[in-house]
Amino acid sequence: MNLGMVLVILVGAYRVSSGYSEAGKIIAFASYFTIISNAMMAVSRIFVMFSKGLASSRRILEVIDTPYEETHGDFDTYDRLQPAIEFDAVSFSYLGNKDNVADISFTINKGETLGIIGPTGSGKSTLIQLLLRLYKPQKGTISVYGHDIQTYDAQYNQLFGLVHQHDFVFQSTLGENIRFGRSFDDAAILEAMKNAQASEFVSRLPKGLEAPIASKGTNVSGGQRQRILISRALVSSPDILILDDSSSALDYQTDAKLRNALKTQYRGVTKVMVAQRIASILNADTILVMKDGRILDVGTHETLLKRCDLYNEIYDTQMGGMIDD
């Protein structure tokens, strides 16, 4: 379009200077040329959008048409005296060749806290996706309350309160972002926000729970957005709370207050905390140290400091040999 306009101006200038055309006609021609060019570009964009939309619709329909795997378990029969979560020799590969996680075994009882730490790409989030049945392990079994998770029906998902590593907030009010389509009253939401250490910044908002939240939470800070997401998970009083690197934007003081609230206010809730920051899992009952898809070591903070070189390296890098809870 720019090249065409340049040619119109050059040819028009030549014709005007040679007396073959009037300046007004050249200006009118340039205007018509611009209008027609814009229209042709709009039509071409429609074809591009149509081809992209067609490709997207095929992928969406492929997911919608995926056969549903019927299960035969009964959600109401799990035994709370059984371990809350148990991985038994679990292995899984996304592409079916090299295992992304291999031979994973651990047991967590109800009300305990499991911390998972390790380098990027070590398989921490993959364990969470397997626990949530987003993928099915090729080897081994995963049990929740004494039953293989593959035997539960769709009600299984109601066991969990989840904050993903890259979770989102949407354009609506603060309260609706926490309700997330569920029917919780304001009192329950405010209690969850208190435990998520979100009460302080909410009290400063003129409209409180009716305060508008922009798409992707662009009008709140990263730490405030994470506390909103944690409130969303806590408001349902889940059996199992999963925090997948969900406090990385919190300062150490707020993170410590959050951990204390989870410990005191949610004693019966089993907590799984994936973290890059060692302070977030310091007081966990069990800590998994992962590397290259395998469990490098398992133990408490004090035990791992004595025998796990990778854990010591992370600790010294982040804390400099000192930690203040």
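**View 1. A helical stretch at residues 29-50.** Over residues 29-50 the chain is 100% helix and 0% strand, with 32 Å between the end C-alpha atoms. (Helices, H or I with at least four residues, and strands, E with at least two, are DSSP runs numbered from the N terminus.) UniProt, in an unreviewed entry, gives residues 29-50 the feature "transmembrane region"; UniProt positions follow the numbering used here, feature names are shortened, and annotations may be inferred rather than shown by experiment. Keep in mind that this is a predicted model, in which local features need pLDDT of at least 70 and side-chain atom pairs count only at pLDDT 80 or more, while totals for chains, interfaces and linings use all residues. Residues are numbered from 1 along each chain as its sequence is written, and side-chain values use heavy atoms, leaving out hydrogens and water.

**View 2. Glu176, Arg179 and Asp186 are linked in a network of salt bridges.** A salt bridge here is a side-chain nitrogen of Lys or Arg within 4 Å of a carboxyl oxygen of Asp or Glu. Side chains of opposite charge can pair when their charged atoms come close. Arg179 takes part in a salt bridge with Glu176, with 3.2 Å between the closest N and O atoms. These two residues sit three apart in helix α4 (residues 174-179), so about one helical turn separates them. Arg179 also meets Asp186 in a salt bridge, at 2.5 Å from N to O. Now look at accessibility: Arg179 is buried at 14%, whereas Glu176 is partly exposed at 33% and Asp186 is partly exposed at 39%. (Buried means under 20% relative accessible area, exposed over 50%, and partly exposed in between, with a 1.4 Å probe and protein chains only.)

**View 3. Thr173 and its surroundings.** Thr173 belongs to strand β7 (residues 172-173) and is buried, with a relative accessible area of 18%. Its side chain comes to 3.2 Å from the backbone nitrogen of Glu176. Setting aside neighbours within four places in sequence, Thr173 is in contact (heavy atoms within 4.5 Å) with Leu209, Glu210, Ala211, Pro212 and Ile213.

**View 4. A salt bridge between Asp297 and Arg307.** Here the N to O distance is 3.1 Å. Asp297 lies in strand β12 (residues 294-299) and Arg307 in helix α9 (residues 301-307), so this pair ties together parts ten residues apart in sequence. Asp297 is buried at 14% relative accessibility, while Arg307 is partly exposed at 48%.

How values were computed. A polar contact is a pair of N or O atoms within 3.5 Å; within protein, one must be able to donate a hydrogen and the other to accept it, and residues adjacent in sequence count only if both atoms are side-chain atoms.
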